[in-house]
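Here is a friendly walk through one protein model, written for someone who likes to know the cut-offs behind the words. Have the viewer open as you read.

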Amino acid sequence: YNYDLLRNEREWIYNALANKEGMVYVCGKVAVTESTYQSLVKMVFEGQRGLGCALEIENQEKQYKDAEEFLKLMKKDGKYKQEIFGSHGDSYRGENI
């Protein structure tokens with residue numbers, strides 16, 4: 001569900017993250033936070049590729065790793081935050097992971 005919502009706004013989201021120093025705050029269960037993170041990595045990857053241009057396989061792999069690094073840097077810089085709950089019973093973890 002969250003993937004569909006993000007996908008519908010992927011160009012706007014990519015532009016906000018890559019060009020306007022956007023921030024991300026995700027709150028939910030582990031599955032939601034993980035799927036949202038993976039969706040954002042894919043959006044950054046697609047944004048780097050120009051949202052649809054074909055690349056050689058080795059370039060795609062490198063750009064996907066670059067997209068992952070971009071999100072990791074956002075986490076490190078405090079621009080990607082997660083609040084995870086329900087992972088172990090009713091526990092709560094506010095994290096920048």
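**Ground rules and confidence**

This is a predicted model, in which local features need pLDDT of at least 70, side-chain atom pairs count only at pLDDT 80 or more, and totals for chains, interfaces and linings use all residues. Residues are numbered from 1 along each chain as its sequence is written, and side-chain values use heavy atoms, with hydrogens and water left out.

The pLDDT is the predictor's confidence in each residue, from 0 to 100. The protein averages 78, and 77% of the residues score at least 70. Confidence is highest in strand 1, at a mean of 89, and lowest in strand 3 (residues 92–95), at 50. Over residues 89–93 the pLDDT is below 50, though this stretch has eleven contacts in the model beyond near neighbours in sequence.

**Overall fold**

The protein has four helices and three strands, arranged along the sequence as α-α-β-α-α-β-β. Helices (H or I, at least four residues) and strands (E, at least two) are DSSP runs, numbered from the N terminus. Buried residues (under 20% relative accessible area; exposed is over 50%, partly exposed in between, with a 1.4 Å probe and protein chains only) make up 32% of the 97 residues. Contact means heavy atoms within 4.5 Å; among contacts between residues at least 6 apart in sequence, 60% join residues at least 24 apart.

**The core**

A nonpolar core is a set of buried Ala, Val, Leu, Ile, Met, Phe, Trp, Tyr and Cys residues joined through side-chain atoms within 4.5 Å. The largest one has 16 residues, and Leu 17, Val 24, Leu 40, Leu 71 and Tyr 80 have the most contacts inside it. Helix 2 (10–19), strand 1 (24–28), helix 3 and helix 4 (57–76) each give two or more residues to this core, with helix 3 giving the most, six residues.

**Helix 2**

Which residues of helix 2 are buried? They are Ile 13, Tyr 14, Ala 16 and Leu 17. Seen down the helix axis, these buried residues fall within an arc of 165°, so they line one face of helix 2; the arc is that of the directions from the helix axis to the C-beta atoms. The face turned away from that buried side carries the exposed residues Glu 11, Trp 12 and Asn 19. Just after helix 2, Glu 21 takes a positive phi of about 55°.

Thr 36 is buried, with a relative accessible area of 8%, whereas Gln 48 counts as partly exposed at 30%. The side chain of Thr 36 reaches the backbone oxygen of Val 32 at 2.8 Å. For Gln 48, the C-alpha atom is separated by 7.3 Å from that of Gln 63, 15 residues away along the chain.

The table gives contacts, leaving aside neighbours within four places in sequence.

| Residue | Contacts (heavy atoms within 4.5 Å) |
|---|---|
| Val 24 | Leu 17, Leu 40, Met 74, Lys 79, Tyr 80, Lys 81 |
| Thr 36 | Asn 2, Leu 6, Val 26, Tyr 80 |
| Gln 48 | Tyr 14, Gln 63, Asp 66, Ala 67 |

Technical notes
Polar contact = N/O pair within 3.5 Å; in protein donor to acceptor, adjacent residues only side chain to side chain.
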